[in-house]
Amino acid sequence: MEAVVATVQVLVRPIALCFNPQENKVYCANREGYQVSVIDCNRDSVIATLLAGSRPGPLCYNSQDNKVYCGITPQFPPVYDSTVTVICGAGDSVITTVVAGNGPGSLCYDSQSNRVFAANEGSDD
């Protein structure tokens with residue numbers, strides 16, 4: 001039988017989730033909070049809150065490098081952000097911000113090439 005095992009309070013407007021099996025953590029993008037909450041699955045609690053950018057949205061996990069990628073979504077088109085925030089899965093810290101196309105609204109990790117792809121809604125690429 002399926003059941004809710006815990007409810008974890010995060011910031012404003014949680015919009016996306018991503019699981020890191022290596023660290024047993026869940027990352028939650030909080031669209032209005034400009035942050036990503038890091039949840040420890042063993043304790044069912046937030047263990048870190050990271051500043052990610054103006055409107056964090058899509059998340060994906062790179063299993064080879066133990067990194068989480070967070071796309072920054074548009075606030076009001078045609079104003080698009082063009083960045084992806086890179087998070088260290090082991091240290092729960094922002095490593096860098098990478099310039100992508102306009103409005104990276106979806107992210108996908110390719111384990112064969114060890115690359116992350118972004119679908120950019122503002123630049124149609």
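The legends below describe close-up views of a predicted model.

**View 1. Strands E5, E6, E7 and E8 form an open sheet.**
The sheet has 4 strands in the order E5-E6-E7-E8, and their pairing is antiparallel. Strand E5 (56-62) and strand E8 (93-99) lie at the edges with a single partner strand each, so one side of each has no neighbour in the sheet. From one strand to the next, the twist averages 25 degrees. In general, strands of a sheet pair through backbone hydrogen bonds, in either a parallel or an antiparallel way.

**View 2. Strand E6 pairs with strand E7.**
Strand E6 covers residues 67-72 and strand E7 covers residues 83-88. The two strands run antiparallel and are joined by 5 bridges. Lys67 stands opposite Cys88 in E7.

**View 3. Asn20 is a buried residue in strand E1.**
Strand E1 spans residues 14-20. Asn20 has a relative accessible area of 0%, and it counts as buried because that value is under 20%. The side chain of Asn20 makes a polar contact with the side chain of Asn66, at 2.9 Å. Leaving aside residues up to four places away in sequence, Asn20 touches Lys25, Tyr27, Tyr61, Asn66 and Gly89.

**View 4. Asp92 and Lys25 form a salt bridge.**
The closest N and O atoms of this pair are 2.7 Å apart. The pair links distant parts of the chain: Asp92 is in the loop between E7 and E8, while Lys25 is in strand E2, 67 residues apart. Both Asp92 and Lys25 are buried. In the whole structure, a search finds 4 salt bridges.

**View 5. Glu32 meets Arg13 in a salt bridge.**
The N to O distance between the two side chains is 2.9 Å. Glu32 is partly exposed, at 33% relative accessibility. Arg13 is also partly exposed, with a relative accessible area of 43%.

**View 6. Glu32 also meets Arg55 in a salt bridge.**
Here the N to O distance is 3.0 Å. Arg55 is in the loop between strand E4 (45-51) and E5, 23 residues apart from Glu32. Arg55 has a relative accessible area of 13% and is buried. Through shared partners, salt bridges join Arg13, Glu32 and Arg55 into one network.

Key
Residues are numbered from 1 along each chain as its sequence is written. This is a predicted model: local features need pLDDT of at least 70, side-chain atom pairs count only at pLDDT 80 or more; totals for chains, interfaces and linings use all residues. Side-chain values use heavy atoms; hydrogens and water are left out. Two strands pair if DSSP finds at least two bridges between them. Axes are lines fitted to C-alpha atoms, for helices over the stretch in contact, and angles run from 0 to 180 degrees between N-to-C directions. Buried means under 20% relative accessible area, exposed over 50%, partly exposed in between (1.4 Å probe, protein chains only). A polar contact is a pair of N or O atoms within 3.5 Å; within protein, one must be able to donate a hydrogen and the other to accept it, and residues adjacent in sequence count only if both atoms are side-chain atoms. Contact means heavy atoms within 4.5 Å.
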